Amino acid sequence: MTVDGASLATRLLGLTPISYDPEARSVDAVLSRGSPVTRIYGVEKLAITKEAINLDRMKTSMIPVLDSHRQDSITSSLGRVTKTWIENDRDGSMLMGRLTFNDTKEGRVSEGMVSRGEISGISVGYSTEDWEIRDRKGNLVDPESARWDNSDLVFTAVEWTLVEASLCAVPA
């Protein structure tokens with residue numbers, strides 16, 4: 001599925017997602033565009049490339065779909081990411097994923113909300129193995145240097161592992 005103006009409008013207007021499959025109980029979604037998020041130490045971004053993203057968990061324990069990053073209970077598990085891929089559009093690269101919902105009360109409720117367009121916010125949980133740090137002028141910063149100015153730094157995760165995807169009312 002290619003994300004275009006029509007599917008974006010569908011998402012923003014809260015209409016039924018065009019990729020929802022009621023038989024498979026799944027939907028295709030943008031998991032991340034690597035968008036900048038302000039943190040206390042600077043701005044954090046994710047590199048969205050095949051080389052940057054470690055998807056090994058897809059082969060082992062799968063990637064859970066959680067309720068708002070909650071990891072404290074199995075009832076917070078709404079489903080799992082069953083397929084991932086990278087797509088590009090005029091705004092750049094995006095990590096895509098197929099979300100398949102659990103056959104539980106919580107999974108069915110979240111599936112219904114997604115299918116009706118009532119919830120469309122997605123946020124990812126990840127662990128970072130390597131960062132690229134740049135200053136406000138775009139110059140690389142040596143993380144071992146004790147003399148770097150920490151204002152306006154951009155931390156880009158250039159090697160990271162996808163741990164989970166969450167349905168959220170207010171994603172980052």
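Colleague: Before we start, how are residues numbered?
Modeller: This is a predicted model, in which local features need pLDDT of at least 70, side-chain atom pairs count only at pLDDT 80 or more, and totals for chains, interfaces and linings use all residues. Side-chain values use heavy atoms, with hydrogens and water left out, and residues in each chain are numbered along the sequence as written, from 1.

Colleague: Thanks! What pattern does the protein chain follow along the sequence?
Modeller: Helices (H or I, at least four residues) and strands (E, at least two) are DSSP runs, numbered from the N terminus. The protein chain has two helices and nine strands. Read in order, they give α-β-β-β-β-β-β-β-α-β-β.

Colleague: What percentage of the 172 residues is buried?
Modeller: Buried means under 20% relative accessible area, exposed over 50%, and partly exposed in between (1.4 Å probe, protein chains only). By that cut-off, the buried share of the 172 residues is 39%.

Colleague: Which residues does helix H2 bury, and which strands do they pack against?
Modeller: H2 spans residues 105–115, and its buried residues are Gly107, Ser110, Glu111, Gly112, Val114 and Ser115. Contact here means heavy atoms within 4.5 Å. After the helix comes Gly117, with a positive phi near 75 degrees. As for packing, the buried residues of H2 lie against S1, S6, S7 and S9.

Colleague: Is Ser32 buried or exposed?
Modeller: Ser32 sits in strand S1 (residues 26–32). Setting aside residues up to four places away in sequence, Ser32 touches Leu46, Ile48, Met94, Leu95 and Val124. A polar atom of the Ser32 side chain is also 2.9 Å from the backbone nitrogen of Gly34. Because its relative accessibility is 9%, Ser32 counts as buried.

Colleague: How many residues apart in sequence are the parts tied together by Arg98 and Asp28?
Modeller: A salt bridge is a side-chain nitrogen of Lys or Arg within 4 Å of a carboxyl oxygen of Asp or Glu, and Arg98 forms one with Asp28, their closest N and O atoms being 2.7 Å apart. Arg98 lies in strand S7 (residues 92–101) and Asp28 in strand S1, so the pair ties together parts of the chain whose separation is 70 residues.

Colleague: And how many salt bridges does the structure hold?
Modeller: Another of them joins Arg33 to Asp89, with the closest N and O atoms 2.5 Å apart. That pair links distant parts of the chain, with Arg33 in the loop between S1 and strand S2 (37–39) and Asp89 in strand S6 (residues 77–89), 56 residues apart. Arg136 pairs with Asp152 at 3.5 Å between the closest N and O atoms. The number of salt bridges in the structure is 10.

Colleague: Which residues make the nonpolar surface patch of about 360 Å²?
Modeller: Patches are made of residues with over 30% relative accessible area and no salt bridge: like charges are joined within 9 Å, nonpolar side chains (Val, Leu, Ile, Met, Phe, Trp, Tyr) within 5 Å. Areas come from the Shrake-Rupley method with a 1.4 Å probe, and for residues only the protein chains shown count as cover. The patch is made by Ile40, Tyr41 and Trp131.

Colleague: Last one: what is the phi of Arg25?
Modeller: Arg25 is in the loop between helix H1 (5–13) and S1. Arg25 is buried, with a relative accessible area of 18%, and Leu99 is one of the residues in contact with Arg25. Its phi is positive although Arg25 is not a glycine, with a value near 55 degrees.

Definitions and conventions: A polar contact is a pair of N or O atoms within 3.5 Å; within protein, one must be able to donate a hydrogen and the other to accept it, and residues adjacent in sequence count only if both atoms are side-chain atoms.
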